[in-house]
Amino acid sequence: MENVIADIDIVEENKRTENCEVRITKEGNRLAAKKLYIESYGCQMNFSDSEIVTSILQKEGFDTTASFEQADVILLNTCSIREKAEQTVRNRLTQFNALKSKKPEVTIGVLGCMAERLKAKLLEEEKIVDLVVGPDAYRDLPALVKQAEDGEKGVNTFLSREETYADISPVRLNSNGVTAFISIMRGCDNMCSFCVVPFTRGRERSRDPQSIVAEAQDLFNRGYREVTLLGQNVDSYKWSAVENNKARLEKNEVNDYINFAHLLKMVAKVSPSLRVRFSTSHPKDITDEVLHTIAKYDNICNYIHLPAQSGNSRVLELMNRTYDREWYINRVDAIRRIIGDECGISSDMITGFCSETEEEHQDTLSLMNYVKYDFSYMFFYSERPGTLAAKNYPDDIDLPTKKRRLQEIISKQQGHSLERNKKDIGKTFKVLVEGVSKRSNDHLQGRNSANKVIVFAKGELKKGDYVDVKVTDCTAATLFGEQVA
Ligand code: SAH
Ligand code: SF4
Ligand code: F3S
């Protein structure tokens, strides 16, 4: 079950993995205000939630700080997706121990999925923690912080069927001023047997589309040029304007509702200069209507994150993904037919799931050969307490086998990423400039519609500009090019 050390290797391999990044708040500019330091782990939804939390606490007079030593309140927005994700947070809490002994008045809070999974138990396990607040209870944070300051530990892990924080305007943290995330729904109603998210995030609920469009419009007015619509399963987005229709909508008794394809159109119409991305698509729910909508609007990006998890139908059934290999291949074929071969496709894959045989692992490799993903996030199975798999199937693939299979799919993916990138050499793409390249100050970087990072000489360009770039060279991770006059 424990795979802490091994998983760290994988993070090294999977440099762009969404689940290992850590970001901290930027320095605020007001003096004398109480200082908030917030650190986020896990998926983009968590990063997006930290922006909501910051907004809630700013209204209470808090300012943000980039240095936890300066903070009055330290919050860790945590992830439970794999054992290693929780271990990272526990290690971080140990580091804060030293600070707490020097400065006992500092309030330390755990937010997010680990807070939800462990609830008050976390206060027992991690003595320095003063606050435990789940993802649907952030409006309660000001009261809970006050309570903690008065010496009483605060816990709220109530999961809501309604909360979407639709009215809260997120404070953009660590922003490049060009790209931003917008949460369009919360929770997950799928029960993938390996996954802890339905337990930590609660039932799925969609956010009022008007508030989503208003947020996109506001970002555009402030100079942003790309929004990514976020949800665990964006294709099941559903909204009825008619009050009290919620229950009927859940039972599929209402035909007149806004689905994800409609929402994409609404956001795309904010401006042709606003790029629209989205994540994550679920293979069981992605419709041809969504694919036609992507094809129709130039500013909806040609990139789909379509996690397969496995290429074998028996394993997919054990995973309770509710599609099989043929269904998945049918969806990939539909993407290539309706949007075209240049549409970027990426995946998440899990190796060594309960009882996976060598032949079944080969099926994952052969699915990869079929699709030729541009990119994948790859993991080996980590048993999570309380999930269907933990209850029903022994975690019986030994760690060396899990790691060897993972290494095989990582190598395969690197080959495919390079192959897909090489096909782009000689082509010209419209790129949105996101900032200076990480490698050199004389170069800028941005992405094309298919989500590929392109590096090119700076010229007279600045962040937020669109530019045509002809690709001249590549690695497996990056395209290099030159501006086309
Ligand atoms: N909603 C998304 C996934 C969110 S979790 C979807 O359905 O695709 C991100 C990824 O973490 C998953 O796609 C899966 O590949 C991986 N993951 C989730 N639980 C895991 C576990 N117990 N062990 C290993 N990887 C896991
Ligand atoms: Fe987890 Fe499955 Fe929901 Fe994704 S769709 S969050 S993998 S339960
Ligand atoms: Fe992690 Fe929770 Fe996201 S478990 S991946 S932070 S929904």
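Me: Which residues surround ligand 2?
Reply: This is a predicted model. A residue counts as near a molecule if one of its heavy atoms lies within 4 Å of it. Ligand 2 is surrounded by Cys188, Asn190, Cys192, Phe194, Cys195, Val197, Pro198, Gln232, His282 and Arg321.

Me: Is Glu116 buried or exposed?
Reply: Glu116 forms a salt bridge with Lys119, with the closest N and O atoms 3.7 Å apart. Lys119 is partly exposed, at 37% relative accessibility. Buried means under 20% relative accessible area. Glu116 has 1%, so Glu116 is buried.

Me: How many residues apart in sequence are the parts that Asp167 and Arg139 tie together?
Reply: Asp167 and Arg139 form a salt bridge, with 2.7 Å between the closest N and O atoms. Asp167 lies in the loop between strand 7 (154-156) and strand 8 (179-183). Arg139 lies in the loop between strand 6 (131-133) and helix 6 (141-149), so the pair ties together parts whose separation in sequence is 28 residues.

Me: How many salt bridges does the structure hold?
Reply: Some salt bridges share partners. One network joins residues including Arg336, Asp341 and Lys452. For the structure, the count of salt bridges is 44.

Terms used: Residues numbered from 1 in each chain as written. Chains lettered and ligands numbered in written order. Predicted model: local features only at pLDDT ≥ 70, side-chain atom pairs only at ≥ 80, totals over all residues. Heavy atoms only, no water. Salt bridge = Lys/Arg side-chain N within 4 Å of Asp/Glu carboxyl O. Buried < 20%, exposed > 50% of the residue type's maximum accessible area, 1.4 Å probe, protein only. Helix = DSSP H or I, 4+ residues; strand = E, 2+ residues; numbered from the N terminus.
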